[in-house]
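Thanks for coming, everyone. Please bring up the model on your screens, and we will walk through it together.

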Amino acid sequence: MCVAADSAGRLRYMGHGLGKGRGDMKKRNPAVDYAMIVAGTFLIGFAIKNIYDPVSMVTGGVSGVAIIAKELWSVPLWLTNTVLNIPLFAAGFFFCGWRFIKRTLFATVMLSVSLYVPVSYTHLRAHETTLH
């Protein structure tokens, strides 16, 4: 990530620092990007709820703090994830602007939704536990 100060002294995001910026990448349909974001965040949410959380493993970042908060104070994962991301997005908006954070905001909302949805691996496999 490349951040530089503009003429007024404000910090601005200047690109990822690789290649020539987004101009050297093939343009994709935004609907495909958002569909991939939804699929990825639901996979991550499923893993956090069904792998990390049940065995009290902690991931990095906000999701890890959410798991710790759930263990200590029984706060839902989705709520902690949402609340802790608010100041991060405020800082992102201040430093990088709306254009930079809109997909990240969408992904964060989708992750919070996936952490809220009460589907777990044990519910999906419930039919396999009956004796035949």
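Start with Arg-103 and Asp-33, whose side chains form a salt bridge, 2.7 Å from N to O. By salt bridge I mean a side-chain nitrogen of Lys or Arg within 4 Å of a carboxyl oxygen of Asp or Glu. The pair ties together distant parts of the chain: Arg-103 sits in helix α4, Asp-33 in helix α1, and they are 70 residues apart. Helices here are DSSP runs of H or I, at least four residues; strands are runs of E, at least two; both are numbered from the N terminus.

A word on the source. This is a predicted model, where local features need pLDDT of at least 70 and side-chain atom pairs count only at pLDDT 80 or more, while totals for chains, interfaces and linings use all residues. Residues are numbered from 1 along each chain as its sequence is written, and side-chain values use heavy atoms, with hydrogens and water left out.

Back to the bridge. Are its two partners buried or exposed? Arg-103 is partly exposed, at 28% relative accessible area. Asp-33 counts as buried, because its relative accessibility is 6%. The cut-offs are these: buried is under 20% relative accessible area, exposed is over 50%, and partly exposed is in between, with a 1.4 Å probe and protein chains only.

How many salt bridges does a search of the whole structure find? Two. The other one joins the side chains of Lys-70 and Asp-53, at 2.6 Å, N to O. This pair also links distant parts of the chain: Lys-70 is in helix α2, Asp-53 is in the loop between α1 and α2, and 17 residues separate them. Lys-70 is partly exposed, with a relative accessible area of 32%. Asp-53 is buried, at 9%.

**The overall layout**

Now step back. The protein chain has five helices and two strands. From the N terminus, the order is β-β-α-α-α-α-α. The chain has 132 residues, and 25% of them count as buried. Contacts are next, meaning heavy atoms within 4.5 Å. Take those with a separation of 6 or more: residues 24 or more positions apart account for 51% of them.

**Helix α1**

Look at α1, residues 30–52.

At the start of α1, a side-chain oxygen of Asn-29 comes within 3.1 Å of the backbone nitrogen of Ala-31. The buried residues of α1 are Asp-33, Ile-37, Thr-41, Gly-45, Ile-48, Lys-49 and Asn-50. Here is a general point: an α-helix has 3.6 residues a turn, so residues three or four places apart point the same way.

Pick out Thr-41, in helix α1. Thr-41 is buried, at 8% relative accessibility. Leaving aside residues up to four places away in sequence, Thr-41 touches Ala-107, Met-110, Leu-111 and Ser-114.

Now take Ser-114, in helix α4. Ser-114 is buried too, at 5%. What does its side chain reach? The side chain of Ser-114 reaches the backbone oxygen of Thr-41, at 3.3 Å. Apart from residues up to four places away, Ser-114 touches Thr-41, Phe-42, Gly-45 and Lys-49.

**The core**

Which residues make up the largest nonpolar core? There are six: Ile-48, Ala-66, Ile-67, Leu-77, Leu-111 and Leu-115. Helices α2 (61–73) and α4 (98–116) are the elements that give two or more residues to this core. A nonpolar core is a set of buried Ala, Val, Leu, Ile, Met, Phe, Trp, Tyr and Cys residues joined through side-chain atoms within 4.5 Å. In soluble globular proteins, nonpolar side chains tend to be buried together.

Zoom in on Leu-115. Not counting residues up to four places away, Leu-115 touches Gly-45, Ile-48, Lys-49, Leu-77, Trp-78 and Asn-81.

**One last residue**

Finish at Ser-74, in the loop between α2 and α3. Ser-74 is exposed, with a relative accessible area of 62%. Ser-74 has a positive phi of about 60 degrees, although it is not a glycine. Most residues other than glycine have a negative phi.

Note on methods: Expected span 1.5 Å × (residues − 1). Polar contact = N/O pair within 3.5 Å; in protein donor to acceptor, adjacent residues only side chain to side chain.
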